[in-house]
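The sequence and the structure are shown first, and the description follows.

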Amino acid sequence: MELLHAGRDDHALRTAALLRRSHPADKELQLAGLLQDIGRMLRPGDGARHAVLAAEAVRPLLGERVARLVRLQAPAPADGGAGGADRPGEDAEAVATLRQAREAAGASGPDAGVLEDWRPLLELVAAGSCRAGNAIGPLGSPRGPITDVR
């Protein structure tokens with residue numbers, strides 16, 4: 001949340017709000033719209049890799065699907081580098097929806113709300129990702145189901 005507050009991106013808020021309206025059951029898709037540009041805040045000026053950086057940052061906390069959507073939503077660079085050049089596979093429709101919402105959010109539209117409105121959803125998806133047994137926690141420590149409770 002601190003990183004999102006620091007970046008204060010109304011475009012990302014509008015993208016997430018559009019996805020919330022059009023795909024209310026797909027919480028991971030909504031968060032991918034919200035988190036689409038955090039790579040720019042993590043390493044300003046590294047535009048060619050911002051989607052990859054964002055995906056790497058969110059994977060430990062929010063899981064593989066959110067990370068994959070964040071990585072794939074970026075348009076492919078003109079030089080054919082990373083970003084949207086990956087093949088979306090099973091999430092092809094979600095990636096297309098995310099890209100369309102991103103474009104639609106470029107035009108000023110209805111109020112997208114405030115960033116704090118997204119905290120409960122971030123916490124919900126993070127908790128689900130933790131229960132799913134992500135191997136590495138957000139601070140780089142192993143996490144997953146506890147098997148030895150001596």
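## Basis of the description

A polar contact is a pair of N or O atoms within 3.5 Å; within protein, one atom must be able to donate a hydrogen and the other to accept it. The model is predicted, and every value below is computed from it.

## Gln73 in the loop between H6 and H7

Gln73 is located in the loop that joins helix H6 (64–72) to helix H7 (92–105). With buried defined as under 20% relative accessible area, Gln73 counts as buried because its relative accessibility is 1%.

Two polar partners of the Gln73 side chain can be named. The side chain of Arg102 forms a polar contact with that of Gln73 at 3.1 Å, and the backbone oxygen of Val70 is reached by the Gln73 side chain at 3.2 Å. When neighbours within four places in sequence are set aside, Gln73 is in contact with Gln36, Val95, Leu98, Arg99 and Arg102.

## Packing of H5 against H6

Two packed helices are described by the angle between their axes and the distance between the axes. For helix H5 (residues 50–62) and H6, the packing angle is about 170° and the axes are 7 Å apart. Angles over 145 degrees count as roughly antiparallel, and H5 and H6 are therefore roughly antiparallel to each other.

On the H5 side, the contact is made by Ala51, Val52, Ala54, Ala55, Val58, Arg59 and Leu62. H6 contributes Glu64, Val66, Ala67, Val70 and Arg71.

## Gly39 in H4

Gly39 belongs to helix H4 (residues 38–42). Its relative accessible area is 0%, so Gly39 is buried.

Not counting residues up to four places away in sequence, Gly39 touches His50, Leu53 and Ala54. Ala54 is also among the H5 residues that make the contact with H6. From Gly39 to Arg71, the C-alpha to C-alpha distance is 9.8 Å, with a sequence separation of 32 residues.

## The two faces of H8

Helix H8 (residues 119–131) comprises 13 residues. From its first C-alpha to its last, H8 reaches 18 Å, close to the 18 Å expected at 1.5 Å a residue.

Which residues of H8 are buried? They are Leu121, Leu122, Val125, Ala126 and Ser129. These residues lie on the same side of H8, because they cover an arc of only 130° around the axis. The face of H8 turned away from this buried side carries the exposed residues Pro120 and Arg131.

Definitions and conventions. Residues numbered from 1 in each chain as written. Predicted model: local features only at pLDDT ≥ 70, side-chain atom pairs only at ≥ 80, totals over all residues. Heavy atoms only, no water. Helix = DSSP H or I, 4+ residues; strand = E, 2+ residues; numbered from the N terminus. Expected span 1.5 Å × (residues − 1). Buried < 20%, exposed > 50% of the residue type's maximum accessible area, 1.4 Å probe, protein only. Arc of directions from axis to C-beta. Contact = heavy atoms within 4.5 Å. Axes fitted to C-alpha atoms, helices over the stretch in contact; angles between N-to-C directions. Parallel < 35°, antiparallel > 145°, perpendicular 65-115°, else oblique.
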